[in-house]
Amino acid sequence: MVARLVIAAPSSGAGKTTVATGLMAAFAGRGLAVSPHKVGPDYIDPGYHALATGRPGRNLDAYMCGTGLIAPLFEHGARGCDLAVVEGVMGLYDGAADQGELASTAQVAKLLKAPVVLVVDASSQSRSVAALVHGFASWDPEVRIGGVILNKVATDRHEHLLREALGESGVPVLGVLRRAPSVATPSRHLGLVPVAERQAAAVEAVAAQAEQVLAGCDMEGLLALARSAPELHAEAWDPAVAGRLTAGGGVVPTLPHSPSGMGVPPIASLAPRNDCPQPVVAVAGGAAFTFSYAEHAELLTAAGAEVVTFDPLRDEALPEGTSGLVIGGGFPEMYGGELSANEPLRKAVAELARSGAPIAAECAGLLYLSRSLDGTPMCGVLDADARMSSRLTLGYRDAVAVSDSSLAAAGARMRGHEFHRTVIEPGAGAQAAWGLRQPERRVEGFVQRGVHASYVHTHWAGAPEAAVRFVEHCVNGPAA
């Protein structure tokens with residue numbers, strides 16, 4: 001059994017990331033093996049979590065992966081750990097729009113049977129904090145709020161008033177944190193600046209967060225609360241089992257329904273021939289492409305691929321033997337000039353696309369494959385141009401594959417999310433990638449030969465057949 005805590009808040013901006021990351025680093029500094037998790041689709045916070053713990057930050061997203069996978073994915077990530085810290089998303093009870101509690105921190109806490117620590121921004125209140133905490137603690141009796149951490153407390157007098165108000169609430173105060181500029185993490189148009197872009201500064205910020213937590217929190221009380229969580233009766237998620245792989249390396253056709261119950265149609269088995277070398281799947285990384293889920297690489301590996309990471313800002317060639325390419329999300333708009341200046345790699349990507357090899361590109365990857373980004377030349381794989389926009393596009397998406405591609409058969413359903421301040425024109429190719437059913441009906445993305453490029457981020461743990469299909473296309477050669 002893994003001891004566990006969920007770090008939540010009444011709303012965004014209360015300091016969840018600072019507290020969660022600080023707790024992870026502080027407990028890891030005490031010699032505990034700490035498993036870091038994040039509720040929802042966010043890619044950036046897990047980077048700080050990984051820095052704090054030395055383990056991959058993993059997402060728990062009930063919308064994209066299904067409620068039935070939350071506990072198994074948790075057990076997979078937390079295997080062998082002493083403690084797991086789960087950072088929530090938005091306010092405790094906020095989830096997918098018009099979906100009730102789906103994908104909320106509260107729902108994930110219930111699925112994990114985990115106690116919740118509520119982080120409250122106390123900067124503009126005193127006695128009212130008791131009413132706020134009482135409301136959150138009593139709203140859903142299945143959610144166990146085991147303590148409160150008061151953040152942004154101004155003075156000793158302020159702390160006294162807050163503690164006095166909470167004295168009869170029945171919810172213990174497990175920490176009081178003063179305002180501390182040293183723990184702040186800079187933000188920009190899509191949230192926090194990723195760890196890969198800050199490096200030394202990020203290390204210093206995480207260390208400061210750990211020091212603040214150690215100074216202001218009841219570490220023994222928090223650990224005791226985490227250890228009070230009951231046993232989870234869930235089998236750990238396994239990428240090999242999820243991909244329906246046989247012991248001999250062949251691919252078994254997927255069942256009619258994915259583990260998340262989304263009704264993805266089965267795909268034909270195209271088992272690798274014994275005389276085929278292990279396909280190399282190149283995965284873009286570095287400062288410009290920081291958005292990825294750890295399970296994607298694990299699923300690709302389980303499907304028989306050799307996963308090799310490369311940096312489009314630094315590497316002038318794709319990894320040797322590349323037969324498939326995955327370009328996830330990130331911030332190419334911040335590095336447009338440098339990406340464009342790496343002309344040898346842009347030409348290599350374009351040549352791979354012309355060969356028909358499978359290429360999966362999401363959001364930042366879509367922009368990189370375009371003809372230009374803010375007027376700066378990109379790879380030119382797609383007859384489309386991208387630019388920055390003042391409008392934020394954000395939200396979950398229920399997607400249906402419009403065209404057969406290296407990721408999905410036409411008609412397959414997959415859930416994902418969009419998160420960007422760019423636009424691409426046209427928004428869809430002659431063969432679109434997805435038909436989206438909410439918030440408005442539209443088609444988007446591009447499918448041409450082996451390329452699947454879209455703004456929609458997906459989590460393959462919820463549809464592992466996508467990884468299997470992608471590797472099958474790598475093994476069986478270029479698309480016609």
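Here is a tour of some helices, a helix pair, a strand residue and a few backbone features.

**Before you start**

This is a predicted model, in which local features need pLDDT of at least 70, side-chain atom pairs count only at pLDDT 80 or more, and totals for chains, interfaces and linings use all residues. Residues are numbered from 1 along each chain as its sequence is written, and side-chain values use heavy atoms, with hydrogens and water left out.

**Stop 1: helix H1**

Select residues 16-29, which form helix H1. Helices here are DSSP runs of H or I with at least four residues, strands are E runs of at least two, and both are numbered from the N terminus. The expected span is 1.5 Å times one less than the number of residues.

Now colour H1 by accessibility. How many of its 14 residues are buried? The count is 12, so H1 is mostly covered. Buried means under 20% relative accessible area, exposed over 50%, and partly exposed in between, using a 1.4 Å probe and protein chains only. Among the buried residues are Lys16, Thr17, Met24 and Phe27. Step just past H1 to Gly31, where phi is positive at about 95 degrees.

**Stop 2: H2 against H9**

Next, select residues 44-53 (helix H2) together with residues 200-216 (helix H9). Two packed helices are described by the angle between their axes and the distance between the axes. For H2 and H9, the angle is about 70 degrees and the axes lie 10 Å apart. The two helices are therefore roughly perpendicular to each other. That label covers 65 to 115 degrees; under 35 counts as roughly parallel, over 145 as roughly antiparallel, and the rest as oblique. Axes are lines fitted to C-alpha atoms, for helices over the stretch in contact, and angles run from 0 to 180 degrees between N-to-C directions.

Show side chains for Tyr48, Leu51 and Ala52 on H2 and for Ala202, Val203 and Val206 on H9, which make the contact. Contact means heavy atoms within 4.5 Å.

**Stop 3: helix H14**

Move to residues 343-355, helix H14. Which residues of H14 are buried? They are Leu345, Arg346, Val349, Ala350, Leu352 and Ala353. These residues cover an arc of only 160 degrees around the axis, which puts them on the same side of H14. The arc is that of the directions from the helix axis to the C-beta atoms. Just after H14, Gly356 takes a positive phi of about 90 degrees.

**Stop 4: Ser323**

Pick Ser323 in strand S12 (residues 322-327). Its relative accessibility is 17%, so Ser323 counts as buried. Leaving aside residues up to four places away in sequence, Ser323 touches Pro279, Val280, Ala357, Pro358 and Cys474.

**Stop 5: backbone features**

- Asp98, in the loop between strand S4 (83-87) and helix H5 (105-112), has a positive phi near 60 degrees without being a glycine. Asp98 is exposed, at 80% relative accessible area.
- Lys152, in strand S6 (residues 145-153), also is not a glycine and has a positive phi of about 60 degrees. Lys152 is partly exposed at 27%.
- Glu425 and Pro426 are joined by a cis peptide bond, with omega about -5 degrees. Pro426 sits in the loop between strand S17 (413-425) and strand S18 (434-436).
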